[in-house]
Amino acid sequence: LVMVFYGSNGKSNPVSMENKVEHQAKNQITYDIHLPSDLGMLYKVRLGLQSLENSISQLSLRHFKMQNTSTLDTFSLTINKTLPLSLNGDRWIEFPVEWPLKEALSVVTYHLTVFSSNILSERNLVHMTACIYGTHGDTGDRSLLWSLENVQQGENNESFLVTVDAVELGELDKVVLLISSKTDCKVDIKKLHLKEAVKEHPIYVFEVNEAFSVNANKPEIEREIPVSFIMRGDKQKNDIDNNLHEERSQTRNLTEYTIKVYTGDQRGAGTDANVHIILFGNEDKSEVFQISQLLEHQDPFERGKVDTFKIKTKNIGSLHSIEIGHDGKGFASGWFLEKVEITDASRNSVYCFKCNRWLAEDEGDGRTVVLLYPELLDF
């Protein structure tokens, strides 16, 4: 059993559960694992089986529960699926992590259509996977030849449909193909079409136009294929126009916040790293603001200083927390953050987020990003 964890700042390496069993009861196993602190807020887990070449075993998954032992934040989900999903089928399932007061991503079924000239005749000789990338991460390597649907065959070309279930990827930007074989063969791929199953458009088109010759000297070939163009329907064009109109309306209804960042008065408390902040409300969250780019002076976050700036964002409701931290870049990037004060004039509210800790890889718990909760001050 292998897991991959996705956070707002990237993803973990595959975490093998082998030799990680800490507690075991009937039909229940608990693992203690350590994830990199710089993953940020977890939003997705991919769970699957390693190679099944020497085994026909199946794993029935009923329930999944995950708890951060530091913060005690807990996520649980009923799965009720068996891996692989069918004989020789997809060995991976994905699910979004839904934290309280945060909007989770949804699971989407993608349709990937492969256009070729000979892959159907070679399908028993070759193994082919695709990893789909978007703004919300990737699907990992998914097998393409285990379940072919809607097969179309012509004189010089053919196509087939593959179904991939994954947590929504956002805007798609590339596909990585991996083709391997234990015998000599040649696979001619023309192009790929990729879209959400429930939507006619957009269709992402990936032009390949390559014959992959696999042999003993080259048993595996990998190709990264960027999106060539996107086919959009008339309805989507209208939706884009409507979204632009809605965005213009929203800019007239932005909420302004005045933010004061207090750097501590300890030795080495200042930082030259790039600092960011995200505001979380009871209705929504703000975008990521790079604070250094919002300040007029060139040397922010110095020891014992207060940096003040303003931001405008959509209505997110009453503030309940903020994420603040830095990217660790630059010499002596460690930062001692005393507190953050945020004024919401529209609600006559001032919030104080006390921190009083180092945000540094070489201090304390090594975290450079923290989630802070407020005290409400008099306006």
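Trainee: Which residues is Leu-192 in contact with, leaving aside its neighbours within four places in sequence?

Mentor: Contact here means heavy atoms within 4.5 Å. Leu-192 is in contact with Leu-112, Thr-113, Val-114, Val-175, Leu-177, Tyr-204, Val-205, Phe-206 and Val-208. Keep in mind that this is a predicted model, where local features need pLDDT of at least 70, side-chain atom pairs count only at pLDDT 80 or more, and totals for chains, interfaces and linings use all residues. Residues are numbered from 1 along each chain as its sequence is written, and side-chain values use heavy atoms, with hydrogens and water left out.

Trainee: How many residues does the largest nonpolar core have?

Mentor: In soluble globular proteins, nonpolar side chains tend to be buried together. A nonpolar core is a set of buried Ala, Val, Leu, Ile, Met, Phe, Trp, Tyr and Cys residues joined through side-chain atoms within 4.5 Å. Buried means under 20% relative accessible area, exposed over 50%, and partly exposed in between (1.4 Å probe, protein chains only). The largest core here has 33 residues, and Leu-192 is one of those with the most contacts inside it. Apart from it lies another core of 26 residues, Leu-337 among them.

Trainee: Which way do the residues of strand S9 point?

Mentor: In a regular strand the side chains alternate between the two faces of the sheet. Strands are DSSP runs (E, at least two residues), numbered from the N terminus. From S9, Trp-92, Glu-94 and Pro-96 point one way, Ile-93 and Phe-95 the other, and all are buried.

Trainee: Is Lys-354 buried or partly exposed?

Mentor: Lys-354, found in strand S27, is partly exposed, with a relative accessible area of 48%. Its contacts include Glu-338 and Glu-375.

Terms used. Helix = DSSP H or I, 4+ residues; strand = E, 2+ residues; numbered from the N terminus.
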